[in-house]
Amino acid sequence: MRRLRGGAASAAAMLGMVLVLAGCENVDVSVDDESSGPAAPGAGSGRAVSPLGNPDGTKPGLAPLTSDADRAEGRALIEKVATKGRGPKTGYDRDEFGYAWMDSAPGGIPFARNGCDTRNDLLKRDGEDVRFRSGSDCVVASMTLDDPYTGRTIDWTKSRATTVQIDHVMPLSYDWQMGASRWPKGKRQDIANDPLNLIPVDGPTNSSKGDSGPASWLPPNKKIRCSYAVRFAQVSLKYELPVTAADKETMLGQCGG
């Protein structure tokens, strides 16, 4: 797979910053020094796991669903998702879901309260050759990411932070419009930090998604679109959030329905 290096990586970082300044919904930015300590033993296998075998989101990546049986299982799961119209965005603010990458989400979600913020937990989960900032066993300074959304391999460092962003599969604004506006704040903090709803991906690609549902945006890598639809459904079902009828139809279509 092609790696983003040198000028290409710098261009991607510049594009990411432009999109941040433009106010894109699903952008994640973190900048820090990248002086790194030793590589983490066993950190990030880089072996992407099928969403069907990863119901809590603690395993890395998003592997394609290729067999007829798996795609049928994916459709069956998507069929369980409820539908309704998308409500207004009135009152939405990122802070309604807690401050970004908090380690104290209250609902017992994986990785919470482990002394490391959510963003770094996800980088460690999905990255290969993970190296930490000097003196830390938490802050990831560099890694290699097999990006499921583009199919490319990204060599990442914190000096080029926006080349990798953490995607909320079900965007937080979408959640708000589909019912999360009525939730207690603790539940909103949970979905914002739940690894089931979070995937490290190519930054500019994530920025292009905004707060779109599957009917409006799908990953460019067609091989993982069924898996993406299944993961969207898993989050929907866990949090009892409906999707729009158009989104559900699109999700089923990605798995052959």
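Reader: What makes the link of Cys116 and Cys138 right-handed?

Author: This is a predicted model, and in it the link of Cys116 and Cys138 has 90 degrees about the S-S bond, a link described as right-handed.

Reader: How do you know that Cys116 and Cys138 form a disulfide?

Author: A disulfide is a pair of cysteine sulfur atoms within 2.5 Å, and the sulfur atoms of Cys116 and Cys138 are 2.1 Å apart, so the pair meets that cut-off.

Reader: How many disulfides does the structure hold, and what makes the one of Cys226 and Cys255 right-handed?

Author: There are two disulfides in the structure, and the other bond to consider joins Cys226 to Cys255, with 2.1 Å from S to S. The torsion about the S-S bond of Cys226 and Cys255 is about 105 degrees, and therefore this disulfide is right-handed. Cys226 belongs to helix H7 (residues 225–238) and Cys255 to the segment after helix H8 (245–254), so that distant parts of the chain, 29 residues apart, are linked. Cys226 and Cys255 are both buried. With bonded cysteines counted along the chain, the disulfides follow the pattern 1-2, 3-4.

Reader: Why is helix H3 called mostly covered?

Author: Helix H3 spans residues 118–126, and eight of its nine residues are buried. Those buried residues are Thr118, Arg119, Asn120, Asp121, Leu122, Leu123, Arg125 and Asp126. What covers them includes strands S3 (128–133), S4 (140–146), S5 (153–157), S6 (164–168) and S7 (198–202), together with helix H5 (185–193).

Reader: What caps the N-terminal end of H3?

Author: Asp117 does, with a side-chain oxygen that lies 3.1 Å from the backbone nitrogen of Arg119. A polar contact needs N or O atoms within 3.5 Å, and the distance of 3.1 Å falls inside that cut-off.

Reader: Why is the pair of Tyr149 and Tyr228 called edge-to-face?

Author: The structure holds nine aromatic pairs. In the pair of Tyr149 and Tyr228, the ring centres are 5.7 Å apart and the planes stand at 80 degrees, so the pair is edge-to-face, given that rings pair with centres within 6.5 Å and that planes over 60 degrees apart count as edge-to-face. Tyr149 lies in the loop between S4 and S5 and Tyr228 in helix H7, which means that the pair ties together parts 79 residues apart in sequence.

Reader: How do you know that the charged end of Lys187 sits over the ring of Trp183?

Author: The charged end of Lys187 is 4.4 Å from the centre of the Trp183 ring, over which it sits, and the distance cut-off for such an arrangement is within 6 Å.

Reader: Why are Ser236 and Val235 called buried?

Author: Buried means under 20% relative accessible area. Ser236, found in helix H7, has a relative accessible area of 2% and is therefore buried, and Val235, also found in helix H7, counts as buried because its relative accessibility is 1%. Not counting residues up to four places away in sequence, Ser236 touches Val81, Met170, Leu241, Pro242 and Val243, and its side chain reaches the backbone oxygen of Leu241 at 2.4 Å. By the same way of counting, Val235 touches Met170, Ile191, Leu196 and Asn197. Val235 and Leu196 are 39 residues apart in sequence, and their C-alpha atoms are 6.6 Å apart in space.

Reader: Why does Arg113 count as exposed, and what is its phi?

Author: Exposed means over 50% relative accessible area, and Arg113 has 58% relative accessibility, so Arg113 counts as exposed. Arg113 lies in the loop between H2 and H3, and its phi is near 60 degrees, a positive value in a residue other than glycine. Most residues other than glycine have a negative phi.

Key. Residues are numbered from 1 along each chain as its sequence is written. This is a predicted model: local features need pLDDT of at least 70, side-chain atom pairs count only at pLDDT 80 or more; totals for chains, interfaces and linings use all residues. Side-chain values use heavy atoms; hydrogens and water are left out. Buried means under 20% relative accessible area, exposed over 50%, partly exposed in between (1.4 Å probe, protein chains only). Helices (H or I, at least four residues) and strands (E, at least two) are DSSP runs, numbered from the N terminus. Contact means heavy atoms within 4.5 Å. A polar contact is a pair of N or O atoms within 3.5 Å; within protein, one must be able to donate a hydrogen and the other to accept it, and residues adjacent in sequence count only if both atoms are side-chain atoms. Rings of Phe, Tyr and Trp (its six-membered ring) pair if their centres lie within 6.5 Å; planes under 30 degrees apart count as stacked, over 60 as edge-to-face and the rest as tilted. A charge sits over a ring if NZ of Lys or CZ of Arg is within 6 Å of the ring centre and within 35 degrees of the ring normal.
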